[in-house]
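The sequence and structure go in here before my entries.

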Amino acid sequence: MRFLAVIITGLALAAPAAHAFALLNKIGMAKADYFVAQQAYAGWWIVGLLLPLALLADIGNAVASELMEPP
């Protein structure tokens with residue numbers, strides 16, 4: 001369960017990380033150029049669908065970890 005939670009969470013963070021890493025390169029662009037550069041992210045909304053799955057996997061991992069520890 002831990003491996004699955006880590007993989008799904010990592011995949012869910014790919015899109016926000018891409019935006020964060022590209023921000024310094026795009027912050028000084030002209031408005032028109034910025035909108036052209038943003039077209040590179042077309043279709044990345046699909047990655048956002050992993051966020052609820054990552055949340056559920058992380059909650060499941062937390063519950064499984066709590067149940068496996070001795071009292």
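My entries on helix packing, a surface patch and some residue positions follow.

**Entry: the model.** I am working from a predicted model.

**Entry: helix packing.** I looked up how helix 1 and helix 5 pack. Helix 1 covers residues 2–12, and helix 5 covers residues 50–68. Their axes lie 8 Å apart, at an angle of about 155°. I noted helix 1 as roughly antiparallel to helix 5, because angles over 145 degrees count as such. I also checked the hand of this crossing, and it is left-handed.

**Entry: surface patch.** Which residues make the nonpolar surface patch? I found Leu55, Ile59, Val63 and Leu67. I wrote down about 410 Å² for the patch.

**Entry: Leu67.** I picked out Leu67, one of the patch residues. Leu67 sits in helix 5. Its relative accessibility is 68%, so I logged Leu67 as exposed; the cut-off is over 50%.

**Entry: Leu50.** Leu50 is in helix 5 as well. I logged Leu50 as partly exposed, because its relative accessibility is 24%. I then took the C-alpha distance from Leu50 to Ser65 and got 22 Å. The two are 15 residues apart in sequence.

**Entry: His19.** Where is His19 placed? I found His19 in helix 2, which runs over residues 14–26. Its relative accessible area is 34%, so His19 went down as partly exposed. From His19 to Gly48 I read 13 Å, C-alpha to C-alpha. In sequence, His19 and Gly48 are 29 residues apart.

Technical notes: Residues numbered from 1 in each chain as written. Predicted model: local features only at pLDDT ≥ 70, side-chain atom pairs only at ≥ 80, totals over all residues. Heavy atoms only, no water. Patch = residues over 30% accessible without salt bridge, like charges linked within 9 Å, V, L, I, M, F, W, Y side chains within 5 Å. Areas by Shrake-Rupley, 256 points an atom, 1.4 Å probe, with all protein chains shown as cover. Salt bridge = Lys/Arg side-chain N within 4 Å of Asp/Glu carboxyl O. Helix = DSSP H or I, 4+ residues; strand = E, 2+ residues; numbered from the N terminus. Buried < 20%, exposed > 50% of the residue type's maximum accessible area, 1.4 Å probe, protein only. Axes fitted to C-alpha atoms, helices over the stretch in contact; angles between N-to-C directions. Parallel < 35°, antiparallel > 145°, perpendicular 65-115°, else oblique. Left-handed = near helix turned anticlockwise from the far one by under 90°.
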